[in-house]
Amino acid sequence: MSREYPVIAITGSSGAGTTTVRRAFERMFSRKGIRAAFVDGDAFHRYSREDLARIFRDEPERKNELSHFAVEANLLDRLERLFAEYGEHGTGTYRHYIHSEDKRMLEAGYRVGTFTEWQPLPTGTDLLFYEGLHGGLVSSSQDLAQHVDLLIGVTPTVNLEWIQKIDRDINMRGHSHEAVVETILGRMQDYVRYIVPQFSRTHINFQRVPTVDTSNPFEPQAIPSDAESFVVIRFRDRDSADFPYLLTMLSGAFMTRPNTLVVPGAQMPLAIELILEPQIEALLAQRRFR
């Protein structure tokens, strides 16, 4: 159901490549003159990095219980309220979580692993764009998926996902290889319980599949390039896509099922824009004519 103010959510695990999809959306929004309110799922973590370090020191048995995937480690009730409020009124509050690559925020005096203050969303936006871990979560106490007008999953094959996370956390965030692997293994139960089920609720999934050997993702290695992968794109509603047009526009694309398109890895940014631009235009058109 389309609301007065559309909510678009990109959901995927840490290291899945959601940033690639976000950049495609940013280019699209800029080209079309769409004003988006951007919300980062990490901003809804319950604890700062210092808080978690203190909890794990004093209560080490809680380490796996409080992975970032877990419901208990996030303010998901607040995130759901934001989705609901924005959908109805175009308003809400948000904040930022500071990563090591957030140079502008660090120069402003924030520390890695902390949050900014809560603040109102910008006024006069056309839609809300969420990128994070829980955009399609349904649990015993939350149903975020019901508030999302366009839910997109970014889910590489799991070995590739781990390779990408290990590479990012070592080279961009300064963690050791051993620490990253320990994190992956420690939150596996939460990954299966909270992350994976979301990909059955998405409207569209983008799954990158490498064509090189990734049998041991915990061995240090280069991330397979776009030229060394395909992207499997699954549509929940096969009538939502113009497959003849996409096959014509995307060189090397082919179909494997009536609702599944496969494109060479290098074609992923173009595929995102060709597929999602008409869907966003339709959401905004419905809003204008309500």
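How many nonpolar, polar and charged residues does the lining of the second largest pocket have? The lining has four nonpolar, four polar and three charged residues, where Ala, Val, Leu, Ile, Met, Phe, Trp, Tyr, Cys and Pro count as nonpolar, Asp, Glu, Lys and Arg as charged, and the others, Gly among them, as polar. The model is a predicted one, in which local features need pLDDT of at least 70 and side-chain atom pairs count only at pLDDT 80 or more, while totals for chains, interfaces and linings use all residues. Residues are numbered from 1 along each chain as its sequence is written, and side-chain values use heavy atoms, with hydrogens and water left out.

The volume of the second largest pocket is about 190 Å³. A pocket is defined on a 1 Å grid over the protein atoms alone as an open set of points with protein on both sides within 12 Å along at least five of seven lines, whereas a cavity is a set of points where a 1.4 Å probe fits but cannot get out; lining residues have an atom within 4 Å of a point. Grid points are joined across faces, edges and corners, and a volume is the space filled by probe spheres set on the points. The residues that line the second largest pocket are Asp149, Leu150, His203, Ile204, Arg236, Asp237, Ser240, Gln279, Ala282, Leu283 and Gln286. Helix H9 (residues 268-288) contributes the most to this lining, with four residues. Helices (H or I, at least four residues) and strands (E, at least two) are DSSP runs, numbered from the N terminus.

A search of the whole structure for cavities of 30 Å³ or more finds one. The largest cavity has a volume of about 60 Å³, and its lining consists of Ser13, Ser14, Phe69, Glu161, Trp162, Lys165, Ile184, Arg187, Met188 and Tyr191. By class, these residues divide into five nonpolar, two polar and three charged. Helix H5 (158-171) and helix H7 (188-195) each supply at least two of the lining residues, and H5 gives the most, with three. Lys165 lies in helix H5. Lys165 counts as buried because its relative accessibility is 4%; buried means under 20% relative accessible area, exposed over 50%, and partly exposed in between (1.4 Å probe, protein chains only). Lys165 and Ile184 are 19 residues apart in sequence, and their C-alpha atoms are 8.9 Å apart in space.

Attention now turns to the strands. Strand E6 (residues 150-154) has five of its five residues buried, so it is largely enclosed by the rest of the structure. In a regular strand the side chains alternate between the two faces of the sheet. In E6, Leu150, Ile152 and Val154 point one way and Leu151 and Gly153 the other way. Two strands pair if DSSP finds at least two bridges between them. E6 pairs with E1 in the parallel sense over four bridges, and Gly153 in E6 is the bridge partner of Thr11. Three bridges join E6 to strand E7 (residues 204-210), again in parallel, with Gly153 opposite Asn205 in E7.

Strand E5 (residues 127-132) is mostly covered, with six of its six residues buried. Leu127, Phe129 and Glu131 point one way from E5, and Leu128, Tyr130 and Gly132 point the other way. Strand E1 (residues 7-11) pairs with E5 in the parallel sense over five bridges, and Ile10 stands opposite Glu131. Strand E2 (residues 36-40) and E5 also pair in the parallel sense over five bridges, with Ala37 opposite Leu128.

Across the whole structure, 13 aromatic pairs are found. The ring centres of Phe83 and Tyr130 are 5.5 Å apart and the planes lie at 85 degrees, so the pair is edge-to-face. This pair links distant parts of the chain, with Phe83 in helix H3 (residues 76-89) and Tyr130 in strand E5, 47 residues apart. Both Phe83 and Tyr130 are buried. Rings of Phe, Tyr and Trp (its six-membered ring) pair if their centres lie within 6.5 Å; planes under 30 degrees apart count as stacked, over 60 as edge-to-face and the rest as tilted. One aromatic cluster is formed by Phe25, Phe29, Phe38 and Phe129.

Charged groups also sit over rings. The charged end of Arg78 sits over the ring of Trp118, 3.7 Å from its centre, and that of Arg95 sits over the ring of Phe115, 3.7 Å from its centre. A charge sits over a ring if NZ of Lys or CZ of Arg is within 6 Å of the ring centre and within 35 degrees of the ring normal.
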